[in-house]
Amino acid sequence: MRTTVGWQAAGSPARLRRVPLKRRDLRPDDVAVRVDHCGVCHTDLHALSGHDGTHPLVPGHEFTGVVTETGAAVTGLGVGAPVAVGNIVDSCGECPMCRVGQENFCHAFPTLTYGGTDRRDGTTTLGGFSREYVVRDRFAYPLPAGLDPAAAAPLLCAGITVWEPLRALGVGPGSRVAVVGLGGLGHLAVKLAVALGADTSVVSRSPAKADDARRLGAEGLIVSSDPAQMAEVRDRFDIVIDTVSAPHDLGPYLRLVAMDGTLSQVGHLGTLTVDALDLLVGRKKLSSAGSGGTPATAALLAFCADKGITADVEVLPSARVHEALDRLRRNDVRHRFVLDLSDLD
Ligand SMILES: NC(=O)c1ccc[n+]([C@@H]2O[C@H](COP(=O)([O-])OP(=O)(O)OC[C@H]3O[C@@H](n4cnc5c(N)ncnc54)[C@H](OP(=O)(O)O)[C@@H]3O)[C@@H](O)[C@H]2O)c1
Ligand SMILES: [Zn+2]
Ligand SMILES: [Zn+2]
């Protein structure tokens with residue numbers, strides 16, 4: 001085994017402590033990555049609040065860094081290569097989903113970057129709030145030149161999670177898109193939808209984010225708590241991407257969807273209640289998505305390099321991880337915290 005250093009949850013409520021961590025020795029198809037930057041996703045907050053101590057928890061599943069060592073069978077990546085890793089680090093490779101490049105929907109369930117179970121040794125995976133990560137080569141993506149490594153890290157979870165539904169739903173020039181919730185996922189959804197040519201609006205409970213919304217390329221911000229503003233955009237959008245991180249009623253957002261349009265709910269990953277009438281009136285569709293397959297992730301990185309898209313980030317030394325988590329919990333972030341892990345050396 002190799003040792004590195006990272007931020008592991010301990011206690012209840014969970015706090016992160018800087019501790020030595022073990023990483024596996026490289027398998028033939030592994031690369032070792034020096035983690036330089038890791039985004040702080042709202043899922044990390046959910047994981048910490050749900051942590052019961054039965055398995056070790058090191059959060060972090062959108063990171064960039066540099067390859068420091070390669071296994072004997074690795075051909076596509078060399079030492080020194082800048083890479084990006086997202087929230088999936090393995091899959092069965094054989095099921096129908098894996099065969100079409102949708103490893104995120106693997107029938108045997110993909111191995112998650114943290115809190116997952118390694119397919120070969122059964123250990124619990126430990127995430128990117130750490131100075132080193134060992135990953136199967138096909139889940140380490142070459143980071144295109146020109147993308148700032150700190151600002152690119154959030155593309156690997158927040159970005160791909162909104163990119164797949166935008167693409168799958170055919171968003172392009174002339175599409176009318178609304179993004180609900182202007183956080184980490186939401187601000188990237190706005191940038192990507194705008195870059196795909198869509199007329200894009202933001203729906204938010206925070207009127208103070210209106211200037212941000214316009215700066216990101218949106219036409220404007222609709223305040224979700226204002227019934228008059230919501231009524232004005234009834235049936236307006238072909239696609240609504242809902243990134244709200246808490247349980248909520250989908251009705252108000254379904255009413256913004258145009259006839260035969262789709263609400264893609266990617267934020268809250270639990271039980272939702274839907275009044276069928278909100279789907280019936282206007283023949284509306286409800287869908288979801290999460291993470292991405294390897295071809296879509298590579299396509300997203302190429303698109304972002306071409307268009308110059310990265311996340312708007314506030315970079316903090318990793319020792320300030322609690323400040324990042326507390327401010328994310330309070331909705332005080334524009335629009336993604338990224339930890340700089342170099343302070344772990
Ligand atoms: N599907 C997937 O695979 C996947 C991947 C990554 C993350 N997620 C999930 O997606 C959600 C968003 O993640 P994130 O990192 O983007 O979080 P985030 O940065 O905290 O953004 C969430 C946004 O939702 C809005 N919001 C939060 N609480 C709300 C409430 N109670 N009612 C209405 N709006 C609320 C806020 O926007 P406004 O201030 O603009 O209203 C907030 O900025 C999380 O639940 C996360 O676990 C899912
Ligand atoms: Zn995430
Ligand atoms: Zn599979």
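A: In this predicted model, 47% of the 345 residues of the protein chain count as buried. The chain contains 11 helices and 17 strands. Its C-alpha atoms occupy a box of roughly 60 × 40 × 35 Å along the principal axes. The radius of gyration is 20 Å, which agrees with the value near 20 Å that a compact globule of 345 residues would have. When contacts between residues at least 6 apart in sequence are considered, 64% of them join residues at least 24 apart. UniProt, in an unreviewed entry, places the feature "domain: Enoyl reductase (ER)" at residues 11-339. That span is 25% helix and 26% strand, and its end C-alpha atoms lie 22 Å apart.

Nine of the 11 residues of H4 are buried, so the helix is largely enclosed by the rest of the structure. The buried residues are Ala158, Gly159, Ile160, Thr161, Val162, Trp163, Glu164, Pro165 and Leu166. After H4 comes Gly170, with a positive phi near 75°.

From H4, the contact draws on Gly159, Ile160, Trp163, Glu164 and Arg167, while H10 contributes Ala296, Thr297 and Leu300. In general, an α-helix has 3.6 residues a turn, so residues three or four places apart point the same way. Within the contact, Gly159, Ile160, Trp163 and Glu164 of H4 are also among the buried residues of that helix.

The loop between strand E15 (285-287) and H10 holds Ser291. Ser291 has a positive phi of about 55° although it is not a glycine. Ser291 counts as buried because 23 C-beta neighbours lie inside 10 Å.

A second residue with such a backbone angle is Asp260, where phi is near 65°, a positive value in a residue other than glycine. Asp260 belongs to strand E14, residues 257-265. With 10 C-beta neighbours inside 10 Å, Asp260 counts as exposed, whereas Ser291 counts as buried. A further backbone feature is the cis peptide bond between Arg334 and His335, with omega about -10°. His335 sits in the loop between helix H11 (321-329) and strand E17 (336-340).

Two other buried positions complete the picture. Leu250, in the loop between strand E13 (237-242) and helix H8 (251-254), has 22 C-beta neighbours inside 10 Å and therefore counts as buried. Apart from neighbours within four places in sequence, Leu250 contacts Leu263, Gln265, Leu272, Val274 and Asp278. Its C-alpha atom is separated by 30 Å from that of Thr294, 44 residues away along the chain.

Thr70 is part of strand E4, residues 63-70, and is buried, with 21 other C-beta atoms within 10 Å. Thr70 touches Val31, Leu77, Gly78 and Val79 when residues up to four places away in sequence are not counted. The C-alpha atoms of Thr70 and Ala32 are 6.4 Å apart, although 38 residues separate the two in sequence.

Note on methods
Residues are numbered from 1 along each chain as its sequence is written. Chains are lettered from A and ligands numbered from 1 in the order in which they are written. This is a predicted model: local features need pLDDT of at least 70, side-chain atom pairs count only at pLDDT 80 or more; totals for chains, interfaces and linings use all residues. UniProt positions are given in the numbering used here, feature names are shortened, and annotations may be inferred rather than shown by experiment. Helices (H or I, at least four residues) and strands (E, at least two) are DSSP runs, numbered from the N terminus. Two residues are in contact if their C-beta atoms, placed from the backbone, lie within 7 Å. A residue is buried if 20 or more other C-beta atoms lie within 10 Å of its own, exposed if 12 or fewer, and partly exposed in between; C-beta atoms are placed from the backbone. The radius of gyration is taken over C-alpha atoms; the globule rule is 2.2 Å times the number of residues to the power 0.38.
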